Amino acid sequence: MTDHQYIAHLWLSRMWDKDIEINQLEVRRDKIISSLSGIGNYDSDRIPSAGNDNGTETKNIEYSLLSGQIEKKVSDISKENVRTIDTIDNVKDPSLRGILYAWYINRLHWREVGKLYNIEKTQVYRLRNRELNAVFEYIPVEEVEL
């Protein structure tokens, strides 16, 4: 991978970590939901204190905080996805554009991309270099942290 290809890849994949964070926050939130199966017994008058903790109240607070964090991160990703799509749209070849969408917007694994286009995984890797070359001139290089 050349320096230009690497820079393009870094910029296009800048939201991957945030996407993983969202997935992990959702896993925790789902665990809270499943542990609150007795939510009908929730006592809103009982407030947690140092010696008398209300686990349901604490879980509801954590659920609320997690939901807020997830919502903010999803909003951030959506804004950046719009920028990424606008950048990818500059690529003329529709196959290359489609593969870029699959990888950098939908975050599919390379083998899934290969299945979409009915090509071998190794061919997808070769195409990636062409894609990154095609999109590099539209990448805001000044935003890339090396």
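Reader: Which helices do the buried residues of H1 pack against?
Author: Welcome to a predicted model, in which local features need pLDDT of at least 70, side-chain atom pairs count only at pLDDT 80 or more, and totals for chains, interfaces and linings use all residues. Residues are numbered from 1 along each chain as its sequence is written, and side-chain values use heavy atoms, with hydrogens and water left out. In H1, Gln5, Ile7, Ala8, His9, Trp11 and Leu12 are buried, where buried means under 20% relative accessible area, exposed over 50% and partly exposed in between, with a 1.4 Å probe and protein chains only. These buried residues of H1 pack, by contacts (heavy atoms within 4.5 Å), against H2, H3, H4 and H6.

Reader: What pattern does the protein follow along the sequence?
Author: Helices (H or I, at least four residues) and strands (E, at least two) are DSSP runs, numbered from the N terminus. By that count the protein has six helices and zero strands. Read along the sequence, the pattern is α-α-α-α-α-α.

Reader: How much of the contact total comes from residues 24 or more positions apart?
Author: Of the 146 residues in the protein, 34% are buried. Among contacts with a separation of 6 or more, the share from residues 24 or more positions apart is 69%.

Reader: How many salt bridges does the structure hold, and which residues form a network of them?
Author: A salt bridge here is a side-chain nitrogen of Lys or Arg within 4 Å of a carboxyl oxygen of Asp or Glu. The structure holds nine of these. The residues linked in a network are Arg14, Glu80, Arg83 and Glu143.

Reader: Why does the pair Glu80 and Arg14 tie together parts of the protein, and how far apart are those parts in sequence?
Author: The closest N and O atoms of the Glu80–Arg14 salt bridge are 2.8 Å apart. Glu80 lies in helix H3 (residues 55–88) and Arg14 in the loop between helix H1 (3–12) and H2, so their bridge ties together parts separated in sequence by 66 residues.

Reader: Is Glu80 buried or exposed, and how does Arg14 count?
Author: The relative accessibility of Glu80 is 18%, so Glu80 counts as buried. Arg14 has a relative accessibility of 21%, and therefore counts as partly exposed.

Reader: Where do Lys73 and Glu21 sit, and how many residues apart are they?
Author: Lys73 forms a salt bridge with Glu21, with the closest N and O atoms 2.8 Å apart. The pair links distant parts of the chain, with Lys73 in helix H3 and Glu21 in helix H2, at a separation of 52 residues.

Reader: What separates Lys72 and Asp76 in helix H3?
Author: The closest N and O atoms of the Lys72–Asp76 salt bridge are 3.1 Å apart. Lys72 is exposed at 52% relative accessibility, whereas Asp76 is buried at 19%. Because the two residues are four apart in helix H3, what separates them is about one helical turn.

Reader: Which helix gives the largest share of the lining of the largest pocket?
Author: On a 1 Å grid over the protein atoms alone, a cavity is a set of points where a 1.4 Å probe fits but cannot get out, while a pocket is an open set with protein on both sides within 12 Å along at least five of seven lines, and lining residues have an atom within 4 Å of a point. The largest pocket holds about 160 Å³ of space, a volume being the space filled by probe spheres set on grid points joined across faces, edges and corners. Its lining is Trp16, Asp19, Ile20, Asn23, Trp103, Arg107, Leu108 and His109. The largest share, four residues, comes from helix H2 (residues 16–35).

Reader: What is the phi of Arg107?
Author: Arg107 lines the largest pocket and sits in the loop between helix H4 (94–105) and helix H5 (110–117). Arg107 is buried, with a relative accessible area of 19%. Although not a glycine, Arg107 has a positive phi of about 55°.

Reader: And where is Asn118 found?
Author: Asn118, a residue other than glycine, has a positive phi near 55°. Asn118 counts as exposed at 72% relative accessibility. Its place is the loop between H5 and H6.

Reader: Which residues form a nonpolar patch on the surface?
Author: Patches are made of residues with over 30% relative accessible area and no salt bridge, joining like charges within 9 Å and nonpolar side chains (Val, Leu, Ile, Met, Phe, Trp, Tyr) within 5 Å. One member, Leu146, is in the segment after helix H6 (121–136) and is exposed at 78% relative accessible area. Together the patch has about 380 Å² of accessible area, from the Shrake-Rupley method with a 1.4 Å probe, where for residues only the protein chains shown count as cover. The residues are Met1, Tyr6 and Leu146.
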